[in-house]
Each structure stands twice: as C-alpha cells, then as structure tokens.
Amino acid sequence: MAGKLSGGRPTLAAVTAAIEVERLVKLYHDVHALDGLDLEVPEGTVLGLLGPNGAGKTTCVRILATLLKPDSGRAAIRGVDVARHPQEVRRMIGLSGQYAAVDEYLTGFENLVMIGRLYHLGRKESRARAADLLERFDLTGAANRPTKTYSGGMRRRLDLAGALVARPPVIFLDEPTTGLDPHSRLGLWDTIGDRVRQGVTLLLTTQYMEEADQLADDIVVLDRGVAIARGTPDELKGRIGGERLEVAVVRRDDLAAVASILKGVGTGEPTVDQEGRRVAVPVADRVAALTEAVRQLDAADVELADIEVRRPTLDDVFLQLTGHAATEETTGGEGGKA
Amino acid sequence: MSALGYAAVDGWVVTKRNLTKIKRLPDLLIFSTIQPIMFVLLFAYVFGGAIKIEGVNYREYLMAGIFTQTVAFGAAITSIGLADDLQKGVIDRFRSLPMSRSAVLVGRTTSDLLNNGLVVIVMSICGLLVGWRIHTDVARGIAGFALLFAFGYAMSWISATIGLSVKSVEVAQSAGFIWLFPLTFLSNAFISTDQLTPWLQKVADWNPISSIVLALRDLWGNSAQGAMRGHGFPAEHPIELSVLWILAILAVFLPLSIAKYRRAASR
C-alpha cells in the first residue's frame, strides 16, 4: 500500500490546500446537484458550506468522503484524488453525518472501539482512544450504556467523537446540529469549537447562518449546486447587513418619533414602513441597542406593538444574494429573537 | 497485514457488532426460533396424518424439509439487517472508513449464519422429540449439517443483494421473504414431487431447495425410495447438485452484492 503513495501525485509540501474541489459536477436524474463547484480549504481552517436543502451541500460532502463518484470535475484531499484513490483518502478523513450513524445496540465505548479497529488502529490503541474520546466529549458516565438510551445531543457528540478516532487531519461535519434543540445546539457548537477544530481542517455544512458565523473561518453560500457568495462571516454579514432592531407601534403618529430614537441607537439610517407601522434600523450591539431603545421609547411614551432584534437568517442571505427565498421549511424558527 | 488478513479482521469486527445486537435484543432470537418449532409441530401433527410418503415415516421425512426452509427464511434477515444499516446511515460511516470493502457483508452474512446455527440446534432438539433420527453415521450426519449451513450462507448473499437494492427496512421485510414461499413450497420439502402434475413436477425436481432437501435425507437416512425421491438427474445426484447450486449462488451473488455495496447510497 505504501508504495502507491509515490504514484506521481504532488507531494504534500507542494500542496497548500487540504481540500481542493475543481468544477465539480454531479447529476441526479438530469438535475444538477452540483454544477461546477470550486472550493479550496487551506490546512487548519474551517469552511462553512451554507445553503438550504437541495443546494448540494451533502452531495459535496459525500463526494469528498468517497461515498459518491462525481460526474465530472476533480476533488482532492491533501493532493490525493478522491475518485482515483478512495482508500488512501479514507485514511485521512473523518465523517460525521446529519443522521448520527451510531449503532444503537452497542454502548458508546463499543461504538468507538469498533470504529478504531476498522481504521486498523489495533485492539489496545482502539480501546485507549475510545476511553480518551468519551472523556473529552463528556460521555464517560454513559460509556457502558447502549446508545439507544442516549439523548439526541449525546448521540451527536458520540458521532462526532467517531469522526476523531483515528486523528484524521481532515474532518467533514454534515449538518451537525440539524434537528437538535437550541440548548443542545449551543453545547455542540462549544464542543466543535473547543475539541474538534483544534489543528484539523474542517468542512462543515449548515442551514444556519448563525452556525457558520460561530464556527467557520470562511463561508461559501451554495444555491442549486453553485457557489453564489464566498467570504469571511464578517464580509458576508457586511454584504447582507448585520442584526436589525425592529419596532412596531400601535399609533401611526408615533412613527416619526420612533424613527428619530432608532437613528440614535442604530448604526445606519432607519427604514420606516408606514403600512406595517414598523421602523427598523441596523445595530452593532444587540443588547445595548435594545436596552437603550426600550428606555427612550418608554420615556417618549410610545405604545409598542412589538420589538425585536433579528439576526440575518438564511432567508435574508438568499434574498440579498439571489432575489429568491430559501425554501420555507429550511428557515423556520432560526431568526434569533430578542 | 495483507488485504485478505484485513478483510478477515474487519469482517470479524462487524460480525461481533451484529452479534451484540442479538445479545442485547434476545427477543429477536426467541421469535426466529418459535416459527420453525411451530412448523415442526404443525406439519408433524396436523399434516402428518394427511400426507403419506410410502416407505418412510413422515415425521422423519419432514425434518430435512423444515430445516432447509427455516435456513432459507433465516437467511432472509440479512436483507433486513443491511437495509436497516443503510437507512440509519451506518453504512455511510462504514464506507467512509479505510476498512475492507467486503467486511460489512462478510460480517452480516457470518452473524446471520451463527444466528441460523442456533435456530437449527433448537429445531434439532424439537425434531428428536417428535421422533426424527439420523440413521447413518456421525460423518454423514455432520456432512448433512455442513451442507445445510453452506446453503444458508449462500442464501444470505442473495438476501444481501436484495437488502442493498431495496434500501428500506419496510420493503426488505416483504421483498426479502415473499419469493421464498413459492421457492420452498414448490419443492419436495413437505410432499413428494411424484404427487405433482408433470410440469410442476419438473420445476420442483430441479428446484435447488429439492436438491438440498434430498441430499439431507440421503445423508441422514430419511429418504423415500423410487419415484417418491423425485425424477431424473436431480434424484440421482442430489449431493453433487446441491454443492453446484451453492457454488453457483455464491459465484453470482457474492460479487454482485459487493458491487452494490460499493455504490450503496442511503439517500
């Protein structure tokens, strides 16, 4: 096996990107799941692939993880082509999918030992590694229980730990928090930030702007198999606008007063919606802006119908970038209300 | 370690994983044992009075048929296990690991074989209680069981191909079993093919199930004589034909199911 490593491919030193994707195309029944996607993820960085269902995120991960063959284009992990040398690629990657693929009848410990053995770590090393990972992912107490008894969050953590068993340099997380309650989601973000991304290259797909913002160094926004925007989270938020403070009033006469108050607490010009009796303004610090606005509005004796700080949602990103909304079901309830 | 060595080790790791499920969910084994016991009792006491095979005790004649049918149906759980793994995304994880490409299938078919083995032990005891005996020697007795398990193992690979094709447990539950009813009943398992109309007789005589059943009866000394054995070549060379069937099934479905596994996509 080792002899194949010198098969005329570029050596590691000459390769800068841990993940390279060039003009990747994948068709499902004549529909383009991927339509000429290009990506480059430098070693040690985190790329967030952001997009709604059907944008091609999972297809991209499946091709990179050697589960699916592309119709054309090229994908490589540390210079090794995924379609031509899949077994070599598998030694360098860890995959954690959106469905928490742990065996429900095995205990947490047994699951991780099995994965270690299938990476060919050997019996002793696999057991040591499993115990270590259970400790790091706060699962030691549940180590000897079948995973059937685990909560959704615990299963995801175990699945994540599974991706780390062989210390692979490149890790794929496909929608790691989809379907979790907000509390478990926050916990998992901490876990990924503290314990997964250390020193590895991470590609993560998500439907949540907030999640990409929290975890990624760079974001690529996917729509219908093509990248429609790239940049750091700050650059993207700059393009679509950050958080907005929105105030709805009971009396239309108050709108002018509200607009002048919001102009004072916001970072830009307020927009007034006469029909909906709403005023909105971009803000920098959500808590400070909200507190100050409530104080001044109260002092001015304005009767409020509603007040909220909205984070930009995937829909906002899409409306801004494509002019069409992301599909309904993918955006429900993610607009971080204050 | 060599590729073959890894294939064996990985296959065993997956086998152990599958056996753990049986250990933690013993109802599974209990219910897969109840059905064959029920069949032994129903056929021995309900049909046993109505079906007459000349020159042989029907309860003894019956056992080889029930064994073969049970092992064929037992092999069908392979399709459910694989469809379940596909549906839950476990196969995705396995396929992203640098493990042997055959391990998931080798592991699944092996654990199902061991499962089948336990069921056959329980059935043998049940058979002995209703009066079945092996009338030959130990070597031929063991050869019979070896042939039975080899057939069950080969059937597991057909079942694996089905499981990887249908991709859902619900479909596997019927697709994996439905074809086994005509296959096992249109044979000499419960009756003599001599009692069938000519064209059905031809089909039943050449049915691989009939070859296995007849081979088992010959090896255990439970056979009927003359035309009651069946007709033509299959009646004269049941053991050779059985081995050929087993090899043919493996030659087709082993590579076919591995090819399916390599392309398996859960969704």
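**Worked exercises on a predicted two-chain model**

The charged end of R185(A) is placed over the ring of Y208(A), 4.0 Å from the ring centre. The rule asks for NZ of Lys or CZ of Arg within 6 Å of the ring centre and within 35 degrees of the ring normal.

This is a predicted model: local features need pLDDT of at least 70 and side-chain atom pairs pLDDT 80 or more, while totals for chains, interfaces and linings use all residues. Residues are numbered from 1 along each chain as written, chains are lettered from A and ligands numbered from 1 in written order, and side-chain values use heavy atoms, without hydrogens or water.

**Exercise 1.** Find which ring R217(B) lies over, and at what distance.

Solution. Step one: the ring is that of Y61(B). Step two: R217(B) is 3.4 Å from the ring centre. Step three: R217(B) is also one of the buried residues of α11(B).

**Exercise 2.** Check the span of helix α11 (residues 208-220) of chain B against its residue count, then describe its surroundings.

Solution. Step one: helices are DSSP runs of H or I with at least four residues, strands are E runs of at least two, and both are numbered from the N terminus. Step two: expected span is 1.5 Å times one less than the number of residues. For the 13 residues of α11(B) that gives 18 Å, and the end C-alpha atoms are 18 Å apart, so the two agree.

Step three: apply burial. Buried means under 20% relative accessible area, exposed over 50%, partly exposed in between, with a 1.4 Å probe on protein chains only. Of the 13 residues of α11(B), 12 are buried, so the helix is largely enclosed by the rest of the structure. The cover includes α3 (58-75), α7 (138-166) and α13 (238-263) of chain B, among others. Contact here means heavy atoms within 4.5 Å.

Step four: inspect the ends. N207(B) caps the N-terminal end, with a side-chain oxygen 2.9 Å from the backbone nitrogen of I209(B). G221(B) follows the helix, and its phi is positive, near 75°.

**Exercise 3.** Count the aromatic pairs over all chains, then trace those of F67(B) with W132(B) and F145(B).

Solution. Step one: rings of Phe, Tyr and Trp (its six-membered ring) pair if their centres lie within 6.5 Å; planes under 30 degrees apart are stacked, over 60 edge-to-face, the rest tilted. The count is 14 pairs.

Step two: F67(B) and W132(B) are edge-to-face, 5.4 Å centre to centre with 65° between planes. F67(B) is in helix α3 and W132(B) in the loop between α6 (103-129) and α7 of chain B, so the pair ties together parts 65 residues apart in sequence. Both F67(B) and W132(B) are buried.

Step three: F67(B) and F145(B) are also edge-to-face, at 5.9 Å and 80°. This pair links α3 to α7 of chain B, 78 residues apart.

**Exercise 4.** Decide whether R78(A) and E175(A) have positive or negative phi, and whether each is buried or partly exposed.

Solution. Step one: most residues other than glycine have a negative phi. Step two: phi of R78(A) is positive, near 45°, and phi of E175(A) is also positive, near 45°. Step three: R78(A) is in the loop between β4 (72-77) and β5 (80-81) of chain A. E175(A) is in the loop between β7 (170-174) and α6 (182-196) of chain A. Step four: R78(A) has 22% relative accessibility, so it is partly exposed. E175(A) has 2%, so it is buried.

Technical notes
A polar contact is a pair of N or O atoms within 3.5 Å; within protein, one must be able to donate a hydrogen and the other to accept it, and residues adjacent in sequence count only if both atoms are side-chain atoms.
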